[in-house]
Amino acid sequence: MPVGINQPSNQIKLTNVSLVRMKKGMLETRGWVGTKNIAKQPSGKKRYEIACYKNKVLEYRSGIETDLDNVLQIPSVFLNVSKGAVAPSADLAKSFPKMSVDDIILEILQKGELQVGEKERHAQLDRVSREVIDIVAGKLVDPKSKRPYTTGMIEKALDQLSQQGANAQHEAKQEAKHENREKDRHTPNASGTATPTNTESSNGETKKAKDLPTWTGVSTTRSAKSQALDAMKALIAHQPIPVARARMRLRITCPTSILKQAAKSAAPKSADDDEDDKAAKGTVKDRILSYVEQVESQDVLGEEWEVVGFVEPGAFKALGDFIGTQTKGRARAEVLDMAVVHEGD
């Protein structure tokens, strides 16, 4: 008669899953006095896994999905999902003291490392990349025409910066190796003398390049908004195509009683414009208008002066600080449009 093979009762076979893994140290007793534990010390780490449905972990972490039944394939903690090996309760108690199985699952689900397949990883990367490009295209314009660029042009510009960033990283590694070799060659000899090097003088221009923001491509580990901000900084710094931040459209209101008061603090001054000195010494009205790049309209309504105009995004914080300190909150700036662009004909 054929001999039957018994399947271990603690093994569960799961396929077509997304794994979330976490390594956790285990506390083990190292000393006893009578029946009392006197010391518990970590003794290495164990890896724990949970089995989830594809595409559901990110939805749960972003708050789109709230039902755990739609996220977990089975509410158990594993040592190895592919082998179906469930984690022993004793190991879980040592790694997660005073935590229930449900709490352990939530801990791994929220803080663990997500393991995804190649297709899923590419799909996620494409999605984040599209979000980044859309955000950048909506915030940057041609500085002359004030018109937005297409997403295709932004994508090409970012690809160019990504290649430059990769080349810069390679050159930095080679330069570091060269500097190390130079240091070894010019170490002091027995007499205490050393041959001077000229590496510092040759690196004057490269140091300036290193200070500029770089772009090396989209990552799935960061939010699209933060990566879009980095992308815009790199595009503005390197100018692979002529770009500038789209201006903000604001409505600024201020009581007429304080418009003619002398400004107390100095206005931010540019290196190329000496007229900022006059604005710094002017009235509150002069100072407010010094932040406005282009005035659309201004009028006096009762006891309040109102101006609508365009402000560079970089000047918005300084304007808000000035209004808050100089007018003690009596004036206010209201954002009418975060990014004003001129559409094509």
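Hi everyone, let's begin with helix α4, which gives the most to the lining of the largest pocket, with 7 residues. Before I go on, please keep in mind that this is a predicted model.

So, the pocket itself. The volume of this largest pocket comes to about 640 Å³. Its lining is made up of 23 residues, and nearest the centre you'll find Leu58, Leu114, Gln124, Arg127 and Thr220. Which elements give two or more residues to that lining? They are α1, residues 56–62, β5, residues 113–115, and our friend α4.

Helix α4 covers residues 118–139, and its partner here is α8, residues 224–238. At what angle do these two pack? The angle is about 50 degrees, and the axes are 9 Å apart. That angle makes α4 oblique to α8. As for handedness, the crossing of α4 past α8 is right-handed.

If you have the structure open, here is who makes the contact. On the α4 side, look for Val128, Glu131, Val132, Ile135, Val136 and Lys139. On the α8 side, the residues are Ala224, Lys225, Gln227, Ala228, Ala231, Met232 and Leu235. Sorted by class, this contact has 9 nonpolar residues, 1 polar and 3 charged.

Notes:
Residues numbered from 1 in each chain as written. Predicted model: local features only at pLDDT ≥ 70, side-chain atom pairs only at ≥ 80, totals over all residues. Heavy atoms only, no water. Axes fitted to C-alpha atoms, helices over the stretch in contact; angles between N-to-C directions. Helix = DSSP H or I, 4+ residues; strand = E, 2+ residues; numbered from the N terminus. Parallel < 35°, antiparallel > 145°, perpendicular 65-115°, else oblique. Left-handed = near helix turned anticlockwise from the far one by under 90°. Contact = heavy atoms within 4.5 Å. Nonpolar A, V, L, I, M, F, W, Y, C, P; charged D, E, K, R; others polar. 1 Å grid on protein atoms, 1.4 Å probe; cavity = no way out; pocket = protein on both sides within 12 Å on 5 of 7 lines; lining within 4 Å. Points joined across faces, edges and corners; volume = space filled by probe spheres on them.
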